[in-house]
Amino acid sequence: MSALYPSLEDLKVGQVIQAQTRASPVMPVLLVQEAAVSPPSVLYPNLAELENYMGLSLSSQEVQQNLPQIAEGSSMAVSSSWPGQVVAPVSGNSLGLRRAEIKPGVREIHLCKDERGKTGLRLRAVDKGLFVQLVQANTPASLVGLRFGDQVLQMDGRDCAGWSTHKAHKKLKKASAEKIVMVVRDRPFQRIVTMHKDSLGHVGFFIKKGKVTSVVKGSSAARNGLLINHYVCEINGQNVTGLKDKVITEILATAGDVITLTIIPAVIYEHMVKKLSPTLLHHTMDHSIPDI
């Protein structure tokens, strides 16, 4: 099994490192000027030649810190690409990537109602499945970590397959105020794309009303497979559904050099938010940054 990389840039830098490592079995150690004690040697070369690689501004020291540290003399071959491991020499330990993760499998959550008897949750039936349409800020639904696009498989032990939107809300209204047990799958219609800002701070795509309308040729967005006719649901794990383009652009500008978008096909998104007031999406949707 080969290694996994969050982005194409991570893969390419990883390949350069492997090629250099194979060509030079004993690798020089980067010296930390401030440290009084020499750091332990590692199997990675000085990567000065990568500092302007693929339009990125890379630091040799940062790249080394983002890689698994394999002690000198270890029998593990670098050319094995750390099988099954996610290797991120450029993305590093990105908080946004971790917040945006769409986990496989299903999980159980326990939901309650507030003093008004509300959960802060709206559901929508799509293709015989039941999905989260709206999570209001500072409500029981937001506190248990539900997100736009999550699929609800069971509610209080009952399978939700085939339920209409009306039936789902009726069941939710009649459920116990103290405990509603749900089985949930993370956002099956959505996927994440990790990209990197270039030296000018651009990733290379344009949006209109939250939808990707064009991708710049040769950009990180293009290299990593960002598609048009998809809506941006999250930026580094933060829900931006329903926000104005200006606000989304501001969030992108301050989001750091590693950008992880969560996107959804336009045809599915438009069906999911159908009959939902734009005011509700903009003003009541939970747009907070999730905890890890």
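**View 1. Lining of the second largest pocket.** The lining of the second largest pocket divides into 9 nonpolar, 9 polar and 3 charged residues. (Nonpolar covers Ala, Val, Leu, Ile, Met, Phe, Trp, Tyr, Cys and Pro; charged covers Asp, Glu, Lys and Arg; the others, Gly among them, are polar.) The model is predicted: local features need pLDDT of at least 70, side-chain atom pairs count only at pLDDT 80 or more, and totals for chains, interfaces and linings use all residues. Numbering runs from 1 along each chain as its sequence is written, and side-chain values use heavy atoms, without hydrogens and water. The second largest pocket holds about 440 Å³. Of its 21 lining residues, Gly 201, His 202, Val 203, Gly 204 and Phe 205 are the closest to its centre. (On a 1 Å grid over the protein atoms alone, a pocket is an open set of points where a 1.4 Å probe fits, with protein on both sides within 12 Å along at least five of seven lines; lining residues have an atom within 4 Å of a point. Volume is the space filled by probe spheres set on the points, which are joined across faces, edges and corners.)

**View 2. The largest pocket.** Its volume is about 640 Å³. Of 27 lining residues, Gly 145, Leu 146, Arg 147, Pro 290 and Asp 291 lie nearest the centre. The lining has 12 charged residues, 9 nonpolar and 6 polar.

**View 3. Salt bridge between Glu 234 and Arg 187.** Their side chains meet at 3.2 Å, N to O. (A salt bridge is a side-chain nitrogen of Lys or Arg within 4 Å of a carboxyl oxygen of Asp or Glu.)
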